Amino acid sequence: MSPNDRLSRSDTWYDLLQLGVKMMIGAEGMAALASPLPESLPQRYGLPTAQGLAWRAGRAAWPWLYRHHQSIIGLDQIDFWLLPLRRRLSQGLHTTVAFLQSCQGWALALDETSAEWHLEVRRVPPPHPDPAHVWCWFLGGLVQEFLAWAGGARVYPLRALTCAAASEASPCRIVFGRTPLD
Ligand SMILES: [Zn+2]
């Protein structure tokens, strides 16, 4: 049974974060964490490892999104798969981001150039505070997994993940390159 089999449609984003992190640090590791993950992960593991765990949890969350919400996102339509690759990835990313926007917690904006996708993160799901911005890293992992899934298992590189203070005035930015790594 894969971890995704344990997920239901009604799971929250925090459920997804918890399950993804648990896959990597185990039940014992989870039991040793006293406060909610956005605070306890950096306290216990340090910033880079906490963000890496959140990234991996985001990647693990993509199959849940696909399984439970594909018809809303439109990714089960044959028309989607018939699009040329670059258009398919952009369209899929826009509809996925629009779906996230419709969920409680996320406030995002997606923009693109011929070379990059730019994702602005203005609000993230609870719990807060999130001093290490684990939600931004979770989202980065989720988007990278989507790109790999829709792009034939190619890896689209993270160019930048710049976290600002969590305020509407200065959003965090996640940048992916549109040319896959070899
Ligand atoms: Zn951030």
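Leaving aside neighbours within four places in sequence, which residues is Ala57 in contact with? Keep in mind as we look that this is a predicted model. The list for Ala57 runs Leu16, Leu17, Gly20, Val21, Phe138 and Gly141.

So let's zoom out to the core around that. The largest nonpolar core has 41 residues, and the members that touch the most others are Ala54, Ala57, Val134 and Phe138. Which elements give two or more residues to this core? On the helix side we have α1 (13-31), α2 (37-45), α3 (47-73), α5 (85-102) and α6 (134-150), and the strands are β2 (116-123) and β4 (172-177). The top contributor is α6, with 11 residues.

Now, the pair I'd like you to look at is α3 and α6. Their axes come within 6 Å, and they cross at roughly 40 degrees. Are they parallel or oblique to each other? Angles under 35 degrees would count as roughly parallel, and therefore this pair is oblique. As for handedness, α3 passes α6 in a right-handed crossing. On the α3 side, the contact includes Ala50, Ala54, Ala57, Gly58, Ala61 and Trp62. From α6, the residues include Val134, Phe138, Gly140, Gly141, Glu145 and Trp149. Sorted by class, that contact has 13 nonpolar, five polar and three charged residues.

Most residues other than glycine have a negative phi, and most peptide bonds are trans. With that in mind, go to the loop between β2 and α6, where Pro127 lies. Pro126 and Pro127 are joined by a cis peptide bond, with omega about 5 degrees. There's another cis bond between His128 and Pro129, with omega about 0 degrees, and Pro129 lies in the loop between β2 and α6 too.

Stay in the loop between β2 and α6 for His133. His133 is not a glycine, yet its phi is positive, about 55 degrees. Is His133 buried or exposed? His133 has 25 other C-beta atoms within 10 Å, so it counts as buried.

Last stop is Ala153, in the loop between α6 and β3 (158-162). Ala153 has a positive phi as well, near 70 degrees.

Methods:
Residues numbered from 1 in each chain as written. Predicted model: local features only at pLDDT ≥ 70, side-chain atom pairs only at ≥ 80, totals over all residues. Core = buried A, V, L, I, M, F, W, Y, C linked by C-beta atoms within 7 Å. Buried ≥ 20, exposed ≤ 12 C-beta atoms within 10 Å, placed from the backbone. Helix = DSSP H or I, 4+ residues; strand = E, 2+ residues; numbered from the N terminus. Contact = placed C-beta atoms within 7 Å. Axes fitted to C-alpha atoms, helices over the stretch in contact; angles between N-to-C directions. Parallel < 35°, antiparallel > 145°, perpendicular 65-115°, else oblique. Left-handed = near helix turned anticlockwise from the far one by under 90°. Nonpolar A, V, L, I, M, F, W, Y, C, P; charged D, E, K, R; others polar.
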